[in-house]
Every structure is written in C-alpha cells, then in structure tokens.
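Morning, everyone. I have one structure to walk through today. Have a look at it first, and then we'll take it piece by piece.

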There are 2 protein chains.
Amino acid sequence: MKPTLIFWYEFASTYSYLTAMRIDAEGARAGVAIEWRPFLLGPIFKSQGWTTSPFNVYPAKGRYMVRDITRIASERGLPFRMPETFPANGLKAARLAIAARGWGATAAFSRAVFEAQFAGGEDISDDDVLAACLTRVGLDPASVWPRIMDDSVKAALKRNTEMAQGLGIFGAPSFTTADNELFWGDDRLAEALRWASAPMALPNSADSPG
Amino acid sequence: MKPTLIFWYEFASTYSYLTAMRIDAEGARAGVAIEWRPFLLGPIFKSQGWTTSPFNVYPAKGRYMVRDITRIASERGLPFRMPETFPANGLKAARLAIAARGWGATAAFSRAVFEAQFAGGEDISDDDVLAACLTRVGLDPASVWPRIMDDSVKAALKRNTEMAQGLGIFGAPSFTTADNELFWGDDRLAEALRWASAPMALPNSADSPG
C-alpha cells in the first residue's frame, strides 16, 4: 500500500496556494498518496490572540511574504496576485471542498478556488466566485451548494480544525504522516514526502523552549 | 569583484545556528562573499509587542521549531541541544563578535558561540562561556574583552539593529543582497546566494496585504 501524506490547508493562505498547485504531482513522483484536508486557521489564530492573519498583525512580515511568494511563484511559472481582501473568509470554500469529496473533486475544486483568489485576485467569500469554481471543475452548483448546510459537512470541517490543533498545527500549509510527524510550510513538502515513505530515526528530541 | 551577501544573525536564534555552520562553505561554492553581521532581535520583537521569543509566546510554534531543528540538524550531521535558558541574552556575544572583526575572527568566534549554545547547551550570557569561545578560536580574552565597552563597538551593534529594522528584517537568520533584496530563514539561503550573483527580473510586486 502507498504511504499517505495529509495536506492541511486553509483557503486564505498564500503559501497553501503554492503547495496546492504542485502537491499532487510531487506526491505522484514520490509514490505518496495525498489526502487533501481543509481546515480553518481562524480559530487557531484566535487562541493565539490574533483576530486576523499574522501577515496583517505584523506588517513587515506581510510585506516580506508578498515578495517571497512573488519570487517563488515567478520561479515556478505561477501567476500571483494578492486579493483585495486578505485574509478572505474561507468558511464556505472549505465546506464546499469537503462536500466535493462526494464527487471525488476536493483537490480539483480546491485548486480552482486558490487560482481564483491568488491568480485572479477574486474574493472567495463571494458566492458567485465559488459557484464559478464549482462549474469550472465540472460540478453542478445546484447539486453541491446545498450540501454546505449539511450537519455532516459542517461537523467534518469543525473536526478537521480541532484535529489540526490537536496535532500541534499552527499555520498552513502543514503536512502530517501516518506516525503524526508534523511539517509546516510549502518549503517542507519534500521533507514531508520523504518522511511519509521512510521516517527518519532521530536522537531523543530536546525539550521545548521556555 | 565577487558579489556579497550579508548574513544577519542573532545569537539566540536556533535557525541562525543552522546557517552559521554552513554559510561560509555554501558561499564559497556559489562564488559569493559572506559578510557576517550580528544584530539584536530583542528591540525588533519589542516593537511587535513581544517581550520574549515568538517560540515562547506561541508554544505550539516553539515545540515545532525544536522538532524541525532536530530533524534538519540530524540530516546535516550537526549536534543539537536546546540550552536551558531560551532565548539567551546575546548582547555581549554580539558585541564581542563585532570586536573580533579587528582580529578577522567574527565568523570563527560566532560559530564557536553558536556551538557552545546549541551543541553544548551552554548559557552564552555567561562571561566564562564567552571567554572560552574566544580562547577556542585563538583570541586572547584579555585583549578582546575590554573592547565590548568601546563606544564604537556599542554603536556598531546599535546601527546593525537599526539597519536591520530599516531593511524590513523581522527574524533571523536573514540575508540581504547589494540591491537590498531580503530573504528570511535558513531555508532561503540557496535563493539568497543565487540572487546575490544574478538578481531575478520579477513582475511588479503585488500590494502588501491589509
């Protein structure tokens, strides 16, 4: 059986966009199955005392992030544009991504949402934008849309967010392996894929700081 | 003339340790001269409202950092151990590193301090630990030590810290090129070295968030 890597992403996250556009190809190359798992950073940030993205809380970090993504996207031949509203409210998008699992379309729909936002600069809290994303990947909004009010869909997103927090996740994208090894950031994707296939033997981990 | 990359580091920074132990070799391989420039993160963190390291402010981030460094250090064959006091007060170490420039020993002394702290677990705010680091790299503490009270040394460290903030630096390690392109993090060293030799032509940068 193929090893699996769980891809934890938040739709408002710029670095999640970078990963979303390459993770299926990188997984295939590494022989690792990718499980796309949307969650919400909002509740996790709130528990750290932030009411918005750290890129807004710390402007120097926000300016750097835009430049860093611009460089990386350019190197990968990806378009990149910051949406006017940042961070977007990704609640509906995340519920739709979960609902799309019923059609085997979570990854395709998620990529469409990331592209609308970070290549097109669109506001993904807008129903029309999301409906267009559904259509673009061959889904019928009339069938999928009503499912975002299903208790099972709402509960699944809530569970994902709680599981993320329980695994120590504090940002996106993050990756976890079958043995719950956590990797954070698009720049750790290669290491995460390697660990999924062949976990490292490490010396006893030192204490956490503080 | 060789291009130059400025290496901005803070002695209390775990990721700066990772970079310090490889940057001279990586620079030589890339044909880029490295300028070691210590600065203090304390005043920059203070202006963001933090009174300690973000790894203490956000415990999940702190736990992840220790694990992440453990993995990377292990892969690079570097010893790693968190010191009991974290973050260390690196003021004296930074002044000594600047003073050591007079003996052409800033890089060697800085590596010795990072090793004492993150391989040996020692407290680098301790005068004896720092004196041993001087001795280890062939410097005479009796000559170098008095210089940390020189106004020129104090002013140089203050200037480094102000310049860092002016360049948009918010963490360590950071790297800047002759055209003031900023890279943050040990995982951006290769990109920074590449930029120093051959800056990328980028599309107009998008606006910063918020």
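Predicted model: local features only at pLDDT ≥ 70, side-chain atom pairs only at ≥ 80, totals over all residues.

When I say helix, I mean a DSSP run of H or I at least four residues long, and a strand is an E run of at least two. Both are numbered from the N terminus.

Start with chain A. By that count, chain A has 11 helices and four strands. The radius of gyration of chain A is 17 Å, close to the 17 Å that the globule rule gives for 210 residues, so chain A is as compact as a globular protein of that length. Its C-alpha trace spans about 55 × 45 × 35 Å along the principal axes. Of the 210 residues in chain A, 44% are buried. Now the contacts. Take those in chain A between residues at least 6 apart in sequence: 71% of them join residues at least 24 apart.

Next, the two chains together. How is chain A laid on chain B? A turn of 180° does it, with a shift of 0.0 Å along the axis and an RMSD of 0.0 Å. The two copies are thus related as by a two-fold rotation axis. In chain A, the C-alpha nearest that axis belongs to A:Asp187, at 3.7 Å. And the interface? Of the interface residues of chain A, 97% are also interface residues in chain B, so the copies meet through the same surface.

Over to chain B, and the sheet. It is open, with four strands in the order E2-E1-E3-E4 and mixed pairing. Strand E2 (33-38) and strand E4 (182-184) of chain B stand at the edges. Each has a single partner strand, so one side of each is left without a neighbour in the sheet. From one strand to the next, the twist averages 25°. Zoom in on one pair. Strand E1 of chain B, residues 4-9, runs parallel to E2(B), and six bridges join them. B:Leu5 stands opposite B:Ile34 in E2(B).

Last stop, helix H8 of chain B, residues 127-136. Which residues of H8 are buried? B:Leu130, B:Cys133 and B:Leu134. They cover an arc of only 100° around the axis, which puts them on the same side of H8(B). The background is simple. An α-helix has 3.6 residues a turn, so residues three or four places apart point the same way. What do the buried residues of H8(B) pack against? Three helices of chain B: H6 (91-99), H7 (106-118) and H9 (141-144). After H8(B) comes B:Gly138, with a positive phi near 85°.

Notes
Residues numbered from 1 in each chain as written. Chains lettered and ligands numbered in written order. Buried ≥ 20, exposed ≤ 12 C-beta atoms within 10 Å, placed from the backbone. Arc of directions from axis to C-beta. Contact = placed C-beta atoms within 7 Å. Pairing = 2+ DSSP bridges. Axes fitted to C-alpha atoms, helices over the stretch in contact; angles between N-to-C directions. Least-squares fit on C-alpha atoms with pLDDT ≥ 70 in both. Rg over C-alpha atoms; globule rule 2.2 N^0.38 Å.
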